[in-house]
Amino acid sequence: MVVLEKRNPTSQFNLAIADFVTAIKLRPLWIKLGWNDILYRYRRSTLGPFWSTANTAITVIALGAIYSQLFNMPIQQLLPYVCAGLIVWGFISSILADAGTLFSSSESYIKQIRLPYSLHAFRFVFSKAILFAHDLPIYIALVLYFKVWPGAVALYAIPAFLLLVFNALLVSLAIGMVSARFRDIPRIITSLIQVAFLITPIIWTPELLGSRVYIAHANPLFHLIEIVRAPLLGSLPSAQTVIATLAMTAVNLVATTLVFVRFRARIAYWI
């Protein structure tokens with residue numbers, strides 16, 4: 001008689017927690033790997049990661065100049081708004097667009113070296129955060145040029161961005177696992193990102209919707225952007241934005257934990 005071994009949910013949960021703890025302890029490794037990802041991506045390039053900065057700067061100036069005329073808004077008001085929004089959106093969209101290859105692109109590491117699976121998520125998000133930092137000088141240059149320095153309230157953007165990074169870590173881990181099993185997921189997400197950019201207040205303000213401003217507030221991406229953008233523009237994020245972001249963080253944490261505990265052991269077989 002063959003006796004099938006049953007998985008103990010508690011032990012699977014403990015293994016998942018140990019995976020995260022070990023990945024955190026291996027911080028120097030995923031920092032080095034994340035930095036190498038950037039170097040490899042921009043190898044033999046004169047400007048390196050600053051090509052992303054140049055592209056963002058051109059986009060900000062072009063959109064700010066055009067939309068300030070379309071919306072009849074002072075350019076010194078709209079340009080910093082567009083800049084902060086695009087920088088944060090660039091981080092979020094790159095996470096969503098590239099998380100599908102989180103594990104498949106690390107196949108050689110996973111099959112040859114025994115490392116925590118979550119380490120690849122840390123490495124991935126760290127490299128995206130570095131690219132985000134390369135775009136910040138654009139924002140600083142604009143606020144200095146227009147003399148609209150936000151003051152000490154801008155410091156609130158630091159914990160807000162850390163919260164965004166935590167959500168990015170959770171989402172990338174979940175998307176990476178699902179995409180390893182279903183390879184069409186990244187293509188679906190890429191298509192949805194294009195739509196999300198148009199319907200999210202990034203280059204336009206929610207006030208333009210008038211009495212239908214609730215449409216913008218119902219968009220979760222708006223709150224993820226606004227919680228970082230508002231301090232950069234000199235104001236605290238609204239209570240609604242803070243509550244919505246914390247609620248999304250809680251949902252992401254529970255959902256990703258359940259998926260990671262349940263399917264962590266299958267990742268190596270899916271890629």
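Let me begin with a definition: contact means heavy atoms within 4.5 Å. The model I am presenting is predicted, so local features are reported only at pLDDT of at least 70 and side-chain atom pairs only at pLDDT 80 or more, while totals for chains, interfaces and linings use all residues. Residues are numbered from 1 along each chain as its sequence is written, and side-chain values use heavy atoms, with hydrogens and water left out.

I turn to confidence. pLDDT is the predictor's confidence in each residue, from 0 to 100. The chain has a mean pLDDT of 87, and 94% of its residues reach 70 or more. Over residues 1-6 the pLDDT is below 50, and this stretch has zero contacts in the model beyond near neighbours in sequence. Where pLDDT is low, the predicted coordinates should not be read in detail. Confidence is lowest in helix 3 (residues 50-70), with a mean of 81, and highest in helix 10 (residues 220-232), with 95.

Next, helix 1. Phe-20 is found in this helix. Leaving aside neighbours within four places in sequence, Phe-20 is in contact with Ser-118, Phe-122, Leu-173 and Phe-260. Phe-20 and Leu-119 are 99 residues apart in sequence, yet their C-alpha atoms are 7.5 Å apart in space.

Asp-19, also in helix 1, takes part in a salt bridge, defined as a side-chain nitrogen of Lys or Arg within 4 Å of a carboxyl oxygen of Asp or Glu. Its partner is Arg-264, at 3.2 Å from N to O. Arg-264 lies in the loop between helix 11 (239-263) and helix 12 (267-270), 245 residues from Asp-19. Both Arg-264 and Asp-19 are buried; buried means under 20% relative accessible area, exposed over 50%, and partly exposed in between, with a 1.4 Å probe and protein chains only.

By this rule the count comes to five salt bridges. Another of them joins Asp-98 and Lys-128, with the closest N and O atoms 2.5 Å apart. This pair links helix 4 to helix 6 across 30 residues of sequence. Asp-98 is partly exposed at 29% relative accessibility, whereas Lys-128 is buried at 7%.

Phe-91 belongs to the largest nonpolar core, which has 66 residues; Phe-91, Ile-92, Phe-103, Leu-164 and Val-228 have the most contacts inside it. Such a core is a set of buried Ala, Val, Leu, Ile, Met, Phe, Trp, Tyr and Cys residues joined through side-chain atoms within 4.5 Å. Helix 4 (residues 75-98) supplies the largest share of this core, 13 residues.

Why are Arg-229 and Glu-226 separated by about one helical turn? Because they are three residues apart in helix 10. Arg-229 is buried, with a relative accessible area of 0%, and Glu-226 is buried at 17%. His-223 lies in the helix as well and is buried at 3%. Beyond four places in sequence, His-223 touches residues including His-217, Gln-240 and Met-248.

Finally, Lys-147 lies in the loop between helix 6 (117-146) and helix 7 (157-181). Lys-147 is exposed, with a relative accessible area of 75%, and its phi is near 55 degrees, a positive value in a residue other than glycine.

Conventions: Helix = DSSP H or I, 4+ residues; strand = E, 2+ residues; numbered from the N terminus.
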